[in-house]
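Thanks for making time this morning.

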Amino acid sequence: MEKQKSFSIKPRRLWLFSFTISLSLIFFMFFSIYVLNLPLSTRQQTHLHFNTTTTTTVSLGLRSPFNIQTLTALHRNYSATQFKNSILVSTHFSTLENESQISNISTFQAILEDGSVKTSTLFGNRSTKTEIGSSKDLEIVSVNSSVLTWKQQNVSITLSKKGEVSGDVLKVLNNKKECDIPNGKWVFDESYPLYTNASCPYIDEGFSCESNGRLDKNYMKWRWQPQDCDIPRFNATQMLELIRGKRLVFVGDSINRNQWESMLCLLMGAIKDPRKVYETRGRRITKEKGNYCFKFVDYQCTVEYYVTHFLVHEGKARIGSKRVQTLRIDTIDKGSSRWRGADILVFNTAHWWNHHKTKAGKNYYQERNQVHPRLDVSTAFGKALTTWASWIDRYVNPSKTQVFFRSSAPSHFSGGQWNTGGHCREASQPTRETYRGEYPEKNTIVEQIIGNMKTPVTFLNITGLSDYRIDGHPSIYGRKPGTSSRVQDCSHWCLPGVPDTWNEILYMHLESKRRKSLTN
């Protein structure tokens, strides 16, 4: 009789089977807990949804923070351009509601000034701490929902849901309300200058100090640093986009030509083909010709300069049997028709008001048919600026044109004036204290007149910060070596140099205006 097979299980096999079942159950339990703890929005198609006010702090190890206010309760397609105190640029969101109203930002990208991109992930309303790249670049120390606090101003921030929201971005720039630009100091910065004499063909002889034999280069490397804010570094490409299809016009004396040439040089940094930038009448920049119009073909814009020493008309009148030069302080400059229709106007006048004839005011200032036997220069300056202000209010459309008035630029003559042996050759560093103590009366007059105008005018106050820069003038390097002249130039400025900072401030105002327009 055949022996029956046994179906009994050996103890070793029973132990192995029990261990496998137990391990599987433990794994399943932990996996379920993990899934349940995931942010709800990672399991739904919600891109951005904020209904609470919370704060994220991003530390860049720099100076004062600023806020970024993101969107609240977005549904369907929404253009993010209506939030007060927010800087939202080119923003468009597509969102779906989720029942729990928990927000999720899948990807946080910081586009740094050098073009590099740092990325991290933020989840829901839970606080997290994530380093992006390295701690010195960007660190997120808390994430709750809808407000980000920054300590960097020269950085654009992009928020997006990577891989799901193509092209939906939120670029955030500085939201600081006030910046006391004149209150600061010059900081030596090896990353400057932003161009060189070799890279810019538009520096005329009087401002081309390096080409004229100046050996020290430190005067090119100073950057103005306000005490409680930052001036963004000039971005030539962005500036050209700001003036695309527009006219940027500088109007004033040779100090404004100094600034205009600086602007041309700064903008050339973004031009790949120099042949696509040209003077419309083929003129070469010299002191003898006063009107220029440079066209940037790829951007269909022009950068123009029109000379006027006083903004009002220089003419002649008969006094007795003689015809004498006069200044018609009640009549705008005869070249004013060229200014009309510009999109950005940058004015100045001050330099020529210090000359002997204007300061003396004897048989020089004219109103209508009357030549004043004597009129003090401050009164005449105020009348001339009132004439200019009336012209602006009459002919400038503020919905089209931004108007700027640059303050007086200081001279730094020692031992005399320009024609009496004054000099500034010894200076090679900025002064530690301002060279002049009193605020110029002409600046006060300009500010008072601007305050009474119906057309908005931005006052570019560069006087104080420029006053430190006794080292920035051409001095004996305002002419080619070997040219015999005892006259030193301590009024104009070497290029690259101080006027580049004036243009960085102008750029900051234009960029700020553009950002504000997007929130209206």
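Thr349 sits in the loop that runs between strand 20 and helix 4 (356-360), where helices (H or I, at least four residues) and strands (E, at least two) are DSSP runs, numbered from the N terminus. This is a predicted model, in which local features need pLDDT of at least 70 and side-chain atom pairs count only at pLDDT 80 or more, while totals for chains, interfaces and linings use all residues. Residues are numbered from 1 along each chain as its sequence is written, and side-chain values use heavy atoms, with hydrogens and water left out.

Is Thr349 buried or exposed? Thr349 has 3% relative accessibility and therefore counts as buried, given that buried means under 20% relative accessible area, exposed over 50%, and partly exposed in between, with a 1.4 Å probe and protein chains only. A polar atom of its side chain lies 2.8 Å from the backbone oxygen of His309, and the side chains of Thr349 and Trp353 are joined by a polar contact of 2.9 Å. By polar contact I mean a pair of N or O atoms within 3.5 Å; within protein, one must be able to donate a hydrogen and the other to accept it, and residues adjacent in sequence count only if both atoms are side-chain atoms. Leaving aside residues up to four places away in sequence, Thr349 touches Asp253, His309, Phe310, Leu311, Phe381, Leu385 and Phe405, contact meaning heavy atoms within 4.5 Å.

Phe381 and Leu385 take us to helix 5, where they are among the residues that meet helix 6. The axes of helix 5 (residues 377-395) and helix 6 (residues 441-451) come within 10 Å and cross at roughly 35°; axes are lines fitted to C-alpha atoms, for helices over the stretch in contact, and angles run from 0 to 180 degrees between N-to-C directions.

Now to the sheet, which is open and mixed in its pairing, with seven strands in the order 15-16-17-14-20-23-24; two strands pair if DSSP finds at least two bridges between them. Strand 15 (277-279) and strand 24 (457-460) are at the edges with a single partner strand each, so one side of each is left without a neighbour in the sheet. On average, and ignoring direction, neighbouring strands here are turned by 15° against each other. Within this sheet, strand 16 (residues 291-296) and strand 17 (residues 301-307) run antiparallel and are joined by six bridges, with Tyr305 in strand 17 as the bridge partner of Tyr292.
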